[in-house]
Amino acid sequence: LAAAADSLSYPLCITRRKIMSSKAAARGAATRLAAVSKQSSKRSSASGGSKTSKKQKTTTSKDESITPWYNFFTKGDIEYDRYMSTEWGFEKRSDRDLFEKLSLEGAQAGLSWKTILTKREAYRRTFHNFDVDKCAKMKSSDVTKILEIEGSGPDVVVRHRGKIESVINNAKRIQEMRKGELQESGQTFGEFLWSFVHNKPILNSWEALSDMPSKTDESESMSKALRKRGFRFVGPTTCYSMMQACGFVIDHPVDTKEWIEAKRNLEKRSGGYQSR
């Protein structure tokens, strides 16, 4: 999302007013439905009916009535909606998961996330499910084979030599860190990345999507540190997109259902969190 916001690839037009009006509309609909149900019940009672079958009962969930805030750019795409509701913003800490997300966010540069999401399985097949050690062993001949694969669509990765080579390069850089500074500090690569937010997720309170930055001081510092160690395609916007997706920061607009659920989960988190 940070990359998309930075390139203005979709309108930044969701405001808190619109989000809250959506909730108000849902509550109003639920209230009206309850009133109708109550009146119907009275009429049934007056006519001698004493019981209502389960099929006749009507229940509503105001949460289910509210269209997710991200629908304006997912456009109801099933795969994209599933990603946003079950993955985006959820905490990830393993080396494999973070290496994959950093690689995919790098692949997204200049493209839409939907394009990369539809190709994610192709990337996993191509890069050994993002096993760092296996990716580090890939050679230039492997890159050539990837570039020569025919076809298009979800079964083929984006044929961009620089982006493909960056995955292999970055895997080698992680190996170097593991043999050096990470071994000395007793950290994993994931812990190294999480240190840029002091190991505590940041809960933001954006009232409008247009308030959401494309990069922050933390993503700038992470990018600088990674590039210093030889990583490629890890600019501050790419790093921030990875941080959003992997729960380093919670960027659901404030007071949306997703934001409220994230806050509730963070309050149960043993390591605590940061609120901004």
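I note that the model is a predicted one.

I then looked up the overall make-up. The chain has 16 helices and three strands. I found 276 residues, of which 43% count as buried. I also checked contacts between residues at least 6 apart in sequence, and 72% of these join residues at least 24 apart.

Next I turned to helix packing. Two packed helices are described by the angle between their axes and the distance between the axes.

Entry on H6 and H15. I looked at H6, residues 95-108, against H15, residues 236-245; their axes are 9 Å apart, at an angle of about 135°. H6 is therefore oblique to H15. I recorded the crossing of the two as right-handed. On the H6 side I listed Leu-98, Lys-101, Leu-102, Glu-105 and Gly-106, which meet Thr-238, Ser-241, Met-242 and Ala-245 of H15. Sorted by class, the residues of this contact are four nonpolar, three polar and two charged.

Entry on H6 and H11. I looked at H11, residues 161-179, which packs with H6 at an angle of about 150°, the axes being 10 Å apart. H6 is therefore roughly antiparallel to H11. Here too I wrote down a right-handed crossing. From H6 the contact takes in Asp-95, Phe-99, Ser-103, Gly-106, Ala-107 and Gln-108, and from H11 it takes in Lys-163, Val-167, Asn-170, Ala-171, Ile-174 and Arg-178. I sorted the contact of H6 with H11 into five nonpolar, four polar and three charged residues.

Key:
Residues numbered from 1 in each chain as written. Predicted model: local features only at pLDDT ≥ 70, side-chain atom pairs only at ≥ 80, totals over all residues. Heavy atoms only, no water. Helix = DSSP H or I, 4+ residues; strand = E, 2+ residues; numbered from the N terminus. Buried < 20%, exposed > 50% of the residue type's maximum accessible area, 1.4 Å probe, protein only. Contact = heavy atoms within 4.5 Å. Axes fitted to C-alpha atoms, helices over the stretch in contact; angles between N-to-C directions. Parallel < 35°, antiparallel > 145°, perpendicular 65-115°, else oblique. Left-handed = near helix turned anticlockwise from the far one by under 90°. Nonpolar A, V, L, I, M, F, W, Y, C, P; charged D, E, K, R; others polar.
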